[in-house]
Amino acid sequence: MSDTTRGTDGPGDGTRAVRAGLPEPVKHEPTLPGPVFAAHFHLPGDPTGPYTYGRDENPTWTLLERAVGELEAPGRDDVETLVFASGMAAISAVLFSQLRAGDAVVLPDDGYQALPLARAQLEAYGIEVRTAPTGGDAQLEVLEGAKLLWIETPSNPGLDVCDVRRLADAAHAQGALVAVDNTLATPLGQRPLELGADFAVASGTKQLTGHGDVLLGYVAGRDAEAMAAVRRWRKIVGAIPGPMEAWLAHRSIATLQLRVERQNATALRLAEALRERPEVTGLRYPGLPDDPAHKIASQQMRRYGCVVSFTLPSRDRADRFLDALRLVDDATSFGGVRSTAERRGRWGGDAVPEGFVRFSVGAEDPEDLIADVLRALDATAG
């Protein structure tokens, strides 16, 4: 992993995040225009021009889509980005716009908890669904004849990593499209389109916006025909973000690099501290040099994320540990400026031990957060 945020493709990540998607300056106008709430627009004569009806396009979405595109694919003008009402709306848009009855799709069997719901609906539509673990590039083994390969790396919640370029090359050789869920890494941690993917998909609810107050998703793609189908799906289903949510998301992106740097650095320090605890097993963080995913992660990721996962000896111990934390909210989701953690098994659906904890590191002072975690472990040792 590079230790710099500046690449050969232009400004550094901080500069890019602060400036992403801003319109050209106009005297007396705000640098980031406020949300446009219009359901319809003045439209005399033929319906031409960028804005006709609020389900199709919105100026606030346009600026946000431009911003996300500049982060996912800096310097490229052949990538289109579309924003959605949630991460699952974005995921569904790719799956259901690209697949037909009789097609086959490959999903990870250790991915986001809602993927099994999507699987059931795909199968109800006559689409064959194959699954394999993220680690070890195991999806290659079930790829033959598939129309779409869906990758989630790092996987949520287990934090396994696969070789995106290797899988993308293999899929393309067989005529399959490739989508990568980039939620956990964010565009500052990983750029799937540069690694060969056709789609980069993410929940903007998480670290991209980072404050736990916006539901949002997006799809960025480099195939015009495939993205036209995604756009058509958004129009048909109406899975559009509200203008206020889109504006809040764009505002929040300005601090993305600051938040990511702080959260990811603290996540590594927390993982190092947890590694010394005898009651902690199954510790995973791709940034640890001895993590099973570190080698490939260091080759394709620029940052390793803000999520650390580990297992405590029992369900009771994990629950007591979470209750003893003072600076960490017991809540689902991840990526926010306030640290959160949860016993993931309480939801069902994830193949994890009862004592498995997914810990999302926030922007608190590292010393305070780590001290709180170690104190909670000590307090619940009995």
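## A buried pair: Arg-344 and Glu-342

Arg-344 and Glu-342 are both buried. Their side chains meet in a salt bridge, with N and O 2.5 Å apart. Please keep in mind as you look around that this is a predicted model.

## Asp-319 and Arg-343

Arg-343 has a relative accessibility of 4%, so it counts as buried. Asp-319, at 34%, counts as partly exposed, because that value falls between the 20% and 50% cut-offs.

## Asp-13 and Arg-16

Over in helix H1 (residues 13-19), Asp-13 and Arg-16 are three residues apart, which means that about one helical turn separates them. A salt bridge joins the two, and their closest N and O atoms are 3.4 Å apart. This distance is within the 4 Å limit, so the pair qualifies.

How accessible is each partner? Asp-13 is buried, at 1% relative accessibility. Arg-16 is buried too, with a relative accessible area of 8%.

## The wider picture

Asp-13 and Arg-16 also belong to a network of salt bridges, in which they are linked with Arg-191, Glu-194, Glu-261, Arg-302 and Arg-303. For the model, the count comes to 33 salt bridges.

Definitions and conventions
Residues numbered from 1 in each chain as written. Predicted model: local features only at pLDDT ≥ 70, side-chain atom pairs only at ≥ 80, totals over all residues. Heavy atoms only, no water. Helix = DSSP H or I, 4+ residues; strand = E, 2+ residues; numbered from the N terminus. Buried < 20%, exposed > 50% of the residue type's maximum accessible area, 1.4 Å probe, protein only.
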